[in-house]
Amino acid sequence: MHEQPNILLLNHQATILDRLKRKLVERGYHHITEATDGHEALRLMQATAYDLVIDDIHAPKIDGWRLARIIRSGVLKTSRHTPIIAISAVYSHHIAVTSARDQGINRFLSYPLEDDDTFYSAVTHCLEDCRWGIHKPTLLVVEDDDDCMNIVSRVLGYRYDIEVATDGLSGLEAWQERRHNLVLLDVMMPRMSGLDVLREILKVSPNQAVVIMTADSGNTERMEQLMISGAVDVVAKPFRVDELRSVCELATRRRDSIIINEQFAAQVSSMRSTMAELETQKFALDQHSIVGIVNDYGTIVYANDKFCEVSQYGRPELIGQSYAMLLSDHHSDAFFAEIRDTVVQGSVWHGEILNRCKDGSTYWIDSTVIPSVKNGDDSRQYIFICTDITERKLAEQELHQQMARAEEASRAKSEFMAMISHEIRTPMNGIIGMSNLLLDSDLTPSQRDGAQLVCSSAESLLGIINNILDFSKYESGKIDLEIVNIELHQLVGDVIKIFSIEAKRKRLSLEYHIDKSVPHHIMGDPVRLRQILINLIGNAIKFTEQGGVTVDVSMPKECDGKITLLTKVTDTGIGIRPEVQDKLFQSFYQADSSTTRKYGGTGLGLAITRQLVELMGGAIEVISESGAGSIFQYSLLVERSAGVAEHDESHLPVPLKRFSGVVLIVDDNVVNQKVTEGLVRKLGCKTKIVSNGVEALEAVAREHYDLILMDCQMPVMDGYQATREIRKREGEACRVPIVALTAHAFDDNYQHCLDAGMDGYTAKPLHINSLQDVMAQWLPVVGHEEIDLLASDSASKQIQSEPSSANIVTDNCFTQSVLDQTMLVALKELMGDDIGVLVTTYIDDSQDKLDAMKKALQLSEFPSLYRLAHGLKGSSANIGAPGLAELCSSVTEGCVAGDVAVAKQRVNAIEKEYVAVRRCLEQDFVD
């Protein structure tokens, strides 16, 4: 090649020829020969050897396709290997690439060029690498026989870019990822038959070229079935080389022809539609838009009726006048210079202009200025298409601010809903499930009382969670109160007991006092009252490091059967600055960012509390100063419960059905597996457990199950994909019921499950009653028994008979505060002798995750760190280590923010907490 390469530039349009030549000269290519038709180019190539040909597909006399074939034929002996770049302003990319590949063209470019770099890159690559062809078509060979695979590779490797798969499912996954030009598909294969793969491919891409390879070509019925299924052709095994090549070439060309014809038909249809709509669009444009045309000198040469109406000038007053007569003094000279420079260079300018009317008033227009060339000469004209936006401009700034606030609020709420659904409902499965199993075992009175408190608190918390997830109902006022009889003293005492362990851990006193005048029984919504107290007491303990928290309930007045209930929650915590107190009850608001980083939280609790209080007809306020603690107090107007005895607790047995069948449990969480297994076996069924979708497919292939409980979120293969694969492989006659187990609490998730082929849906945490309802739909009932899910022992009665004032002082932490003792008792009751194995598994897995977290942190691999922390959080919560789980949650938040310092601090804290958790677990459960 010459130091300065010789380039032949062929194009029949003078403007394009000149533009391409200028681009080449700008990059230092000066030996350029021009030709305006294919005949002229051919004569030039007979006389001179060129290093590169830039070919016009639509050149007259001899078009670009024919010229390329002549060059490649070898007629011009010195030019056979000359690289060719083809350019077209008509052909679609796919059509041109397909044709260019067959003609031996090296590169294809659409005009106008996408950018200068694309053109320069094509020129450089072609001068450096003269190999023919844009790229090979791709071929996917799905064949489990190595000999057949080798034959195909040797015979077709020169023509195709080949990818291989040795079973049906792998082949389908490879096609889904790459979408090959041609698929060669064996009929009999492991994991998934060729016919099933063919059907799945054609569902997605009906025009995909698929050739079936079969050794059963003599079977007419078999061949007919293959062709009816959608195969383009069939090739018999053992292969004949010429037949294999011919069948594949015809199939590839058929696919290209289908795509080319479809694109051409679409182009013709679009052109016809465009022509038919032009007049209508022009009429509509004139009715709505201001349209004007000016020449190179800024003289108005056209103005439509709308232009005249808005400017207040008649058409004779505008035509022939300078557009400057309409300009106001609002814009600078540089503003109009920018417009002029933009359109002179051939680009479109868009912006807003303030013009002046005939009477001196002004109006805003949203303007688009389009450069064009007048027919008959080379002088330029500029078309103005404008819309009167005067009224919109008056309110635009305020509107943008409102939209920004609304979008931010919506985004924050959506993120909160997604986070809270996943983070809370999953561990609730372990709490509620194991609590119910624990209540069904032999317990001492004090143990039963504690287990009942855990269960009732968890049920109440679940109701609260569901309301939080549907926060929009609070905002729209669509929440209905459930007015029932409430034992107020017991409700307050139960809430206090919920926080007693946390208060003990922080060495705080936790007290509550109920005035003697307050009735034991009132009418109200117990779930909402619990939620209010939980939010306020939880906040008080969270923000208090020394001293304690006190809850006082009093009745300031009573009138006509209505009583005013006043509740105060007082703490000795950090207090609240006066300037932020008014904002505390706003949604997603927190006092300051430093508090958020230290204490966590969503900023939603107090907003929900205020909405609930107001929904009950009450009011809430805060009295506080920074560093001196806080008092949150709210008043409610309620009624006494009429005709209710002081202690009328009843303990009715709950009917429990027993079923017959074998249930497959698919879940990747060990604790969830054991809880679900325990509940299913308590309802009379046998179980089999697997940990992901792939294992589920293998289990279903080996034996029949009467019901499958399928977790949705799992590694390797999730529940949705596993269900789809099961449905593909089974017939309607042997369809096994599949019920989704998911922690997602949104309504649209139900439809997602049904779309995947599932038959039912139940949300985590799993309760024995909800599981019983699910199983009753699919399994036969073989018997009944009754269990008492309520505490009925003397300890319960003793608690109910406590005086209305109590003082719970928690000055000393117990030695194993890193573990939730109630959770561990329930877990041990459920696992029995296997508890040691489970704890050992947890310890080993957690150590591995912790080591991997530290490595990911060193490499700043936040996605990996997030995944590991998320996994450790779930297993820690289920083993009864809430502190460790909470630290893991803070790491995930740091990963989302990309804050290396915060993430490092949290990982160090996790390592210390894990050592304490491990020590306690090994002392109690590991020999």
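Which residue stands opposite Leu9 in β2? Glu34 of β2 stands opposite Leu9.

This is a predicted model, in which local features need pLDDT of at least 70, side-chain atom pairs count only at pLDDT 80 or more, and totals for chains, interfaces and linings use all residues. Residues are numbered from 1 along each chain as its sequence is written, and side-chain values use heavy atoms, without hydrogens and water.

The protein has 32 helices and 30 strands, taken as DSSP runs (helices H or I, at least four residues; strands E, at least two) numbered from the N terminus. Of its 927 residues, 46% are buried, meaning under 20% relative accessible area with a 1.4 Å probe, protein chains only.

Five strands form an open sheet with parallel pairing, in the order β2-β1-β3-β4-β5. Two strands pair if DSSP finds at least two bridges between them. The edge strands, β2 (32-35) and β5 (107-110), each pair on one side only. From one strand to the next, the twist averages 20°.

Two helices touch this sheet, where contact means heavy atoms within 4.5 Å. Angles run from 0 to 180 degrees between N-to-C directions, and axes are lines fitted to C-alpha atoms, for helices over the stretch in contact.

| α2 (residues 38-47) | β1, β2 and β3 (52-56) | about 140° with β2 |

The axes of α1 (residues 14-26) and α5 (residues 116-128) come within 11 Å and cross at roughly 70°. α1 is therefore roughly perpendicular to α5, a term for angles of 65 to 115 degrees. Leu20, Lys23, Leu24 and Glu26 of α1 meet Asp116, Phe119, Tyr120 and Val123 of α5.

Conventions:
Parallel < 35°, antiparallel > 145°, perpendicular 65-115°, else oblique. Buried < 20%, exposed > 50% of the residue type's maximum accessible area, 1.4 Å probe, protein only.
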